[in-house]
Amino acid sequence: MFRYYMFNKPKGCVTAKRDSLSKTVMDYFPEDIREELHPAGRLDKDTEGFLLITDDGSLTFHLMRPEHHVAKTYFFYAIGELTEERIRSIERGVNMAGRDIPALPAKIRLLWKGVITEITEYLPDSKRERLLKYPAQKVFSGEITIEEGKNHQVKKMLRAIGCCVVYLKRTDIGGVPLDEKLPSGEYRELTEEELTILRR
């Protein structure tokens, strides 16, 4: 029997089986099952949220292949402004630095607008003091859904339209939302219904 866990990844740990320098996502699991499991995909060290942990290699392959177009949704805070023109750029497929082909078209929506002093608790520890030197900086929160998972993809897409992501959290994989009652750093088994959705 394969095992499937929804893990609410905290920031500060790396998505790897083992790492000599940093805590890994697998360190949150008991030693007796840790070696048999693997993360299905990855989240950056400073990115939080839904990470599937399993021992089912075929499901991992299905979820990660770009031609399968498995949607992944992220909540974010970013410095800058999300104009209608910039939204259209994301929805068409924006050109990212270091890539010869544009990103696949994505869905993005604005949730909130404010200034950087209103999101102090979400700023990276290493950049907080520097960022707060400009207290009137415009920031916004949004939600973006992508169907591919290149390295630093969301950050690069937002950078391509002149915005800088300062907080990122994955909230949904393939139509399965992160359980809002699941604390950061904790995990639970997927339900049969959630598993059926992921296998579609």
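## Terms and basis

In what follows, Ala, Val, Leu, Ile, Met, Phe, Trp, Tyr, Cys and Pro count as nonpolar, Asp, Glu, Lys and Arg as charged, and the others, Gly among them, as polar. The structure is a predicted model, in which local features need pLDDT of at least 70 and side-chain atom pairs count only at pLDDT 80 or more, while totals for chains, interfaces and linings use all residues. Residues are numbered from 1 along each chain as its sequence is written, and side-chain values use heavy atoms, with hydrogens and water left out.

## The cavity

A cavity is a set of points, on a 1 Å grid over the protein atoms alone, where a 1.4 Å probe fits but cannot get out, and its lining residues have an atom within 4 Å of a point. Grid points are joined across faces, edges and corners, and a volume is the space filled by probe spheres set on the points. By this rule there is one cavity of 30 Å³ or more, and the volume of the largest cavity is about 30 Å³.

The largest cavity is lined by A40, G41, L63, M64, K72, R170 and I173. By class, this lining has four nonpolar, one polar and two charged residues. At least two lining residues come from each of α2 (57-64) and β7 (164-173), where helices (H or I, at least four residues) and strands (E, at least two) are DSSP runs numbered from the N terminus.

## Salt bridges

A salt bridge is a side-chain nitrogen of Lys or Arg within 4 Å of a carboxyl oxygen of Asp or Glu, and the whole structure holds 13 salt bridges. One of them pairs R3 with D55, whose closest N and O atoms are 3.6 Å apart. This pair links distant parts of the chain, 52 residues apart, with R3 in the segment before β1 (4-9) and D55 in the loop between β3 (48-54) and α2. With a 1.4 Å probe and protein chains only, buried means under 20% relative accessible area, exposed over 50%, and partly exposed in between. R3 is partly exposed at 23%, whereas D55 is buried at 18%.

E81 forms a salt bridge with K138, the closest N and O atoms again lying 3.6 Å apart. Here E81 sits in the loop between β4 (72-79) and α3 (84-92) and K138 in strand β6 (residues 138-146), 57 residues apart. E81 is partly exposed, at 41%, and K138 is partly exposed, at 48%. In the salt bridge between D179 and R188, the closest N and O atoms are 2.9 Å apart. Salt bridges that share partners also join R42, D44, D46 and K155 into one network.

Methods
On a 1 Å grid over the protein atoms alone, a cavity is a set of points where a 1.4 Å probe fits but cannot get out, and a pocket is an open set with protein on both sides within 12 Å along at least five of seven lines; lining residues have an atom within 4 Å of a point.
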